[in-house]
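I set down here, entry by entry, what I looked up in one structure.

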Amino acid sequence: MSIEPSVRVEDKLFYNRYLVDAGRAHIKVRPHTKPSPELLSMLKACPARCYELNDKGQVEITVDGCIECGTCRVICEESGDIEWSYPRGGYGVLFKFG
């Protein structure tokens, strides 16, 4: 039996605010022609749904909604698929309720 949650993660993420550091993304997907299995897993593993496939079948990231949880760092940094660093001070996610 499948139980659907009454509140979705996406609904909760709405309450967070983000200060975008234009031109200085803290996560970058390295150029690739075919995404690795680790990179493809980010399409479902990222709780903020920042990763998407483009029309060429490559994985892209939009860091504007990133909650800086580190999931992509754990899954992809060792394989070299992403470059990850902390956002500059004052930029990134601003948690409204703590």
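The entries below go from the whole chain to single residues.

**Entry 1. Basis.** I note that this is a predicted model, in which local features need pLDDT of at least 70 and side-chain atom pairs count only at pLDDT 80 or more, while totals for chains, interfaces and linings use all residues. Residues are numbered from 1 along each chain as its sequence is written, and side-chain values use heavy atoms, with hydrogens and water left out.

**Entry 2. Overall layout.** I looked up the secondary structure and found 3 helices and 6 strands. These are DSSP runs numbered from the N terminus, with helices being H or I of at least four residues and strands E of at least two. Along the sequence I read the pattern α-β-β-α-β-β-α-β-β. The C-alpha atoms fill a box of roughly 45 × 40 × 25 Å along the principal axes.

Entry 3. I took a contact to mean heavy atoms within 4.5 Å. Of the contacts between residues at least 6 apart in sequence, 68% join residues at least 24 apart. The accessible surface comes to about 7,000 Å², and carbon and sulfur atoms hold 54% of it; the areas come from the Shrake-Rupley method with a 1.4 Å probe, and for residues only the protein chains shown count as cover. I then compared the charges: the mean positions of the 13 positive and 14 negative ones are 4 Å apart. Lys and Arg count as positive and Asp and Glu as negative, with His and the chain ends not counted; each charge is placed at NZ of Lys, CZ of Arg, CG of Asp or CD of Glu.

Entry 4. Buried means under 20% relative accessible area, exposed over 50%, and partly exposed in between, with a 1.4 Å probe and protein chains only. In soluble globular proteins, nonpolar side chains tend to be buried together. I therefore searched for a nonpolar core, that is, a set of buried Ala, Val, Leu, Ile, Met, Phe, Trp, Tyr and Cys residues joined through side-chain atoms within 4.5 Å. The largest such core has 17 residues, and I27, Y51, C72 and I82 touch the most other members. The elements giving two or more residues to this core are β2 (27-29), α2 (37-45), α3 (71-76) and β5 (82-84). Leaving out residues up to four places away in sequence, I27 touches Y51, I61, V63, C66, C72, I82, E83 and W84.

**Entry 5. The aromatic pair.** I searched the whole structure and found 1 aromatic pair. The ring centres of W84 and Y86 are 4.8 Å apart and the planes stand at 75°, so the pair is edge-to-face. Rings of Phe, Tyr and Trp (its six-membered ring) pair if their centres lie within 6.5 Å; planes under 30 degrees apart count as stacked, over 60 as edge-to-face and the rest as tilted. W84 is buried at 11% relative accessibility, whereas Y86 is exposed at 62%.

**Entry 6. The loop between α2 and β3.** I found A48 in this loop, buried with a relative accessible area of 18%. A48 and L13 are 35 residues apart in sequence, and their C-alpha atoms are 7.4 Å apart. Beyond four places in sequence, A48 touches L13, G65 and I67. R49 lies in the loop between α2 and β3 (51-53). R49 is not a glycine, yet has a positive phi of about 55°; R49 is partly exposed at 44% relative accessibility.

**Entry 7. The loop between β4 and α3.** I placed E68 in the loop between β4 (59-61) and α3. E68 has a positive phi of about 55° although not a glycine, and is partly exposed with a relative accessible area of 27%.
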